[in-house]
Every structure is written in structure tokens, then in C-alpha cells.
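Hello,

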Amino acid sequence: MSTIRITKQFNFETGHALYGYDGKCKNVHGHSYKLSVTVIGKPITDSSQVKYGMVIDFSDLKKIVKEEIVDVFDHATVFNQNTPHIELAKELKDRDHHVILVDYQPTSEMMVIDFANKIKKRLPENINLFSLRLQETETSFAEWFASDN
């Protein structure tokens, strides 16, 4: 049976600030992120299975990515936990805003690594994460490929 890659795309809105950065992105700002998740595997060949012919049901992949990424990061503000913005983060949390403190600089590059680790843990054993593409703007994106890692 052939090995097939399938991709599901997601959208979410997230704010962040880059601690120590020497440009405008040191300020709190947001992006309309587009995340493309590609998995690889062999389609189910057992015709008695309800998911016959599928690598993974798109709805199963959607559930994983929504629970691990979209529902967590959508309309959140992400800060490095070591940022001087920590007082702002506390103030926002106290005002019932959704703030995420991470142990990395919340760049697209670092976020895509975090996302890959979270998604890989949830995939069925016969399905592998092939790649992620996190698009931050119309012209800028970060990609993660299993073959590079």
C-alpha cells in the first residue's frame, strides 16, 4: 500500500511580544496565524473498518490540533516567562484575559517546535507527523519537518 500525506489547515488569532527584540515586535501585537498540519501513513486497507481508505480521519486530526493548539492559543497573549512583560501578564490575567507564559521566545520558529511536540504525542502509533507550517503573515512563515529533526 502506498504511503500518503494528508494536510489539515487551521486558523487562530494570537498576540505576543518578543522579549529583548530590537524592533517593533518587542511591543505587544497580534497575528492571524495559519497552521498547516501534515501527517503521513498508509490508508486503512481493511474494508470492514469504518475508516477504510483513510490515513487518519480529518475529524480525528482536527480534534487533536484543536485541543492541543487552536483552543489553547486562540485569542491568547503569549509571553516568554522570563520577560519584563511579566507584570503586564499578571495584570491581564487578573482582568480575566487569556495569557500563556512559555519557556521560549514566542517566535513562529519556537512556536512551531512546541506545536510539533504537542501534536506528535497525540497521534496514533501508525501515523507520523510529517510537517507543520505556521504562517504569521501573508509573506512570513516557519516550517518544521520531521526529516530535519
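This is a predicted model: local features need pLDDT of at least 70, side-chain atom pairs count only at pLDDT 80 or more; totals for chains, interfaces and linings use all residues.

Residues are numbered from 1 along each chain as its sequence is written, and side-chain values use heavy atoms, with hydrogens and water left out.

**The overall picture**

The protein has 3 helices and 6 strands, and from the N terminus on they follow the order β-β-α-β-α-β-α-β-β. Both kinds of element are DSSP runs numbered from the N terminus: helices are H or I with at least four residues, strands are E with at least two. The C-alpha trace spans about 55 × 30 × 25 Å along its principal axes. Of the 149 residues, 39% are buried. Among the contacts with a separation of 6 or more, 63% are between residues 24 or more positions apart; a contact means heavy atoms within 4.5 Å.

**The aromatic rings**

How many aromatic pairs does the structure hold? There are 4 of them. Rings of Phe, Tyr and Trp (its six-membered ring) pair if their centres lie within 6.5 Å; planes under 30 degrees apart count as stacked, over 60 as edge-to-face and the rest as tilted.

Phe-12 belongs to strand 1 (residues 4–16) and Phe-115 to helix 3 (residues 108–122), so the pair ties together parts that are 103 residues apart in sequence. Both of these residues, Phe-12 and Phe-115, are buried.

Phe-115 also pairs with Phe-73: the ring centres are 5.0 Å apart and the planes at 70 degrees, so this pair is edge-to-face. It links distant parts of the chain, with Phe-73 in helix 1 (residues 58–73) and Phe-115 in helix 3, 42 residues apart. Phe-73 is buried, with a relative accessible area of 0%. Leaving out residues up to four places away in sequence, Phe-73 touches several others, including Val-78, Ile-100, Tyr-104 and Met-111.

Taken together, ring pairs link Phe-12, Tyr-33, Phe-73 and Phe-115 into a cluster.

The charged end of Arg-133 sits over the ring of Phe-141, 3.5 Å from its centre. The cut-offs for this are NZ of Lys or CZ of Arg within 6 Å of the ring centre and within 35 degrees of the ring normal.

**Two loop residues to look at**

Which residue lies in the loop between helix 1 and strand 3 (76–80)? One that does is His-75, which has a positive phi of about 60 degrees although it is not a glycine. His-75 is exposed, with a relative accessible area of 59%.

Asp-96 is found in the loop between helix 2 (86–94) and strand 4 (99–102). Its phi is near 65 degrees, a positive value in a residue other than glycine. At 73% relative accessibility, Asp-96 counts as exposed.

Happy exploring, and write back with any questions!

Notes
Buried means under 20% relative accessible area, exposed over 50%, partly exposed in between (1.4 Å probe, protein chains only).
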